Amino acid sequence: MTEETQYYLAYGSNLSMAQMAQRCPDAYYVGTAWLENYQLLFRGNQRGYYLTAEPKAGSRIPLLVWKISSQDEKYLDEYEDYPELYEKKRISVSLRSLLDGSSAGEIEGLIYTMYPSFSLGCPTASYYATCEEGYKRFGFDLGILSKALADSGEGGLG
């Protein structure tokens, strides 16, 4: 990759290796991190409900840290329906090694979060399964994902 790269912080369906390989051909993952004082929720509209990260003291979300190109960012903007559904932020997190979990230093990464004006609701079973597969692959606590589902609405998966 000859162009400039940046860190991208994923917490939902972009934990999927297959989806990211199709969506962002230049991307490669470099580690994990925790997003402190944030919780996961499912928000959306009639088109569907998707994960978002929202501030909540004492909670935390596991992240997969990717390196992406500027072209990958454009692809992500389209996928995340930026700026209509999601907004972009840059936040600092402590990067952890994929090999042994040791600290690899503080980084600033790009993260997409949904506007809180969208309603809470339940995702489709396929979207949830994609997120769950990523959680399992990277050894993230599945309880965080199931808590997001419980906190986002009644009735289970759509």
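Residues are numbered from 1 along each chain as its sequence is written. In this predicted model, local features need pLDDT of at least 70 and side-chain atom pairs count only at pLDDT 80 or more, whereas totals for chains, interfaces and linings use all residues; side-chain values use heavy atoms, without hydrogens and water.

**Salt bridges**

The structure holds six salt bridges (a side-chain nitrogen of Lys or Arg within 4 Å of a carboxyl oxygen of Asp or Glu). Three of them are listed here, including one between Arg43 and Glu54.

| Pair | Closest N to O distance |
|---|---|
| Arg43 and Glu54 | 2.4 Å |
| Lys88 and Glu73 | 2.6 Å |

Glu73 is buried at 13%, while Lys88 is partly exposed at 23%. Glu73, Asp77 and Lys88 are linked in a network of salt bridges.

**A buried arginine**

Arg23, in helix α1 (residues 17-23), is buried yet has no salt bridge; Glu80, the nearest side chain of opposite charge, is 6.1 Å away.

**A helix pair**

The axes of helix α3 (residues 125-137) and helix α4 (residues 142-152) come within 9 Å and cross at roughly 155°. This makes α3 roughly antiparallel to α4 (angles over 145 degrees; under 35 is roughly parallel, 65 to 115 roughly perpendicular, and the rest oblique).

Methods: Helices (H or I, at least four residues) and strands (E, at least two) are DSSP runs, numbered from the N terminus. Buried means under 20% relative accessible area, exposed over 50%, partly exposed in between (1.4 Å probe, protein chains only). Lys and Arg count as positive and Asp and Glu as negative; His and the chain ends are not counted. Axes are lines fitted to C-alpha atoms, for helices over the stretch in contact, and angles run from 0 to 180 degrees between N-to-C directions.
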